[in-house]
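Please have the sequence and the structure open while reading.

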Amino acid sequence: MILPLSNPTSKTEAEPEDILEWTRGCAIVATGSPFPPVTRGDWTHVIGQANNAFCFPGIGLAALVAEAREITDEMFLSAAEALAGTVSQARLEEGALYPNQSELRVASRVVAIAVARAARDGGVGRNLCDDEIESAVDAMMWEPRYLPYEPA
């Protein structure tokens, strides 16, 4: 597994295409900025973007829902495990380590629920039952709604 995480793209430690060449296609690659898929032989490797936007919105939302007094290592571990669970089998088979960026909202919800449970279970958050956590996360998620533009 090779994770060149520098951002922006111009600062990356290694290009995914080079990594896959050097490892004869055996590396699992995720980067800190977006890269297109790399085709090597008959296989196309999807290069996932290891972006903190997949975890931190859910962690922050969970901290608010749980009224967490601190963010523990267990809460971060729960976030990572929950995020891993959102990666579809199809994405895994393509070599991707992260869900598609279009699934960011779904991933944030899953992460928030898991982290709020970890806060509760770790004694640093409110004692909410699982159903209460899910409905509280849903109620606190921001939904962009744009009013129609009416010229003056």
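Is arginine 109 buried, partly exposed or exposed? The model is a predicted one, and in it arginine 109 has a relative accessible area of 28%. Arginine 109 is therefore partly exposed, since buried means under 20% and exposed over 50%.

Side chains of opposite charge can pair when their charged atoms come close. The structure has eight salt bridges. One of them joins arginine 109 to aspartate 138, with the closest N and O atoms 2.5 Å apart. Arginine 109 belongs to helix α5 and aspartate 138 to helix α6, 29 residues apart. Aspartate 138 is partly exposed at 38% relative accessibility.

Aspartate 130 in helix α6 and arginine 120 in helix α5 are ten residues apart, and their side chains form a salt bridge of 2.8 Å, N to O. Aspartate 130 is partly exposed, at 34%, whereas arginine 120 is buried, at 17%. Shared partners connect Arg109, Arg117, Arg120, Asp121, Asp130, Glu134 and Asp138 in one network of salt bridges.

Arginine 105 pairs with glutamate 143, the closest N and O atoms lying 2.9 Å apart. Arginine 105 sits in helix α5, while glutamate 143 is in the segment after α6, 38 residues apart.

## Packing of α3 on α5

Helix α3 (residues 73-85) packs with helix α5 (residues 104-121) at an angle of about 145°, and their axes are 8 Å apart. The crossing is right-handed. Residues in contact include Met75 and Leu83 from α3 and Val110 and Val111 from α5. By class, this contact has eleven nonpolar residues, one polar and one charged.

Methods. Residues numbered from 1 in each chain as written. Predicted model: local features only at pLDDT ≥ 70, side-chain atom pairs only at ≥ 80, totals over all residues. Heavy atoms only, no water. Axes fitted to C-alpha atoms, helices over the stretch in contact; angles between N-to-C directions. Helix = DSSP H or I, 4+ residues; strand = E, 2+ residues; numbered from the N terminus. Left-handed = near helix turned anticlockwise from the far one by under 90°. Contact = heavy atoms within 4.5 Å. Nonpolar A, V, L, I, M, F, W, Y, C, P; charged D, E, K, R; others polar. Salt bridge = Lys/Arg side-chain N within 4 Å of Asp/Glu carboxyl O. Buried < 20%, exposed > 50% of the residue type's maximum accessible area, 1.4 Å probe, protein only.
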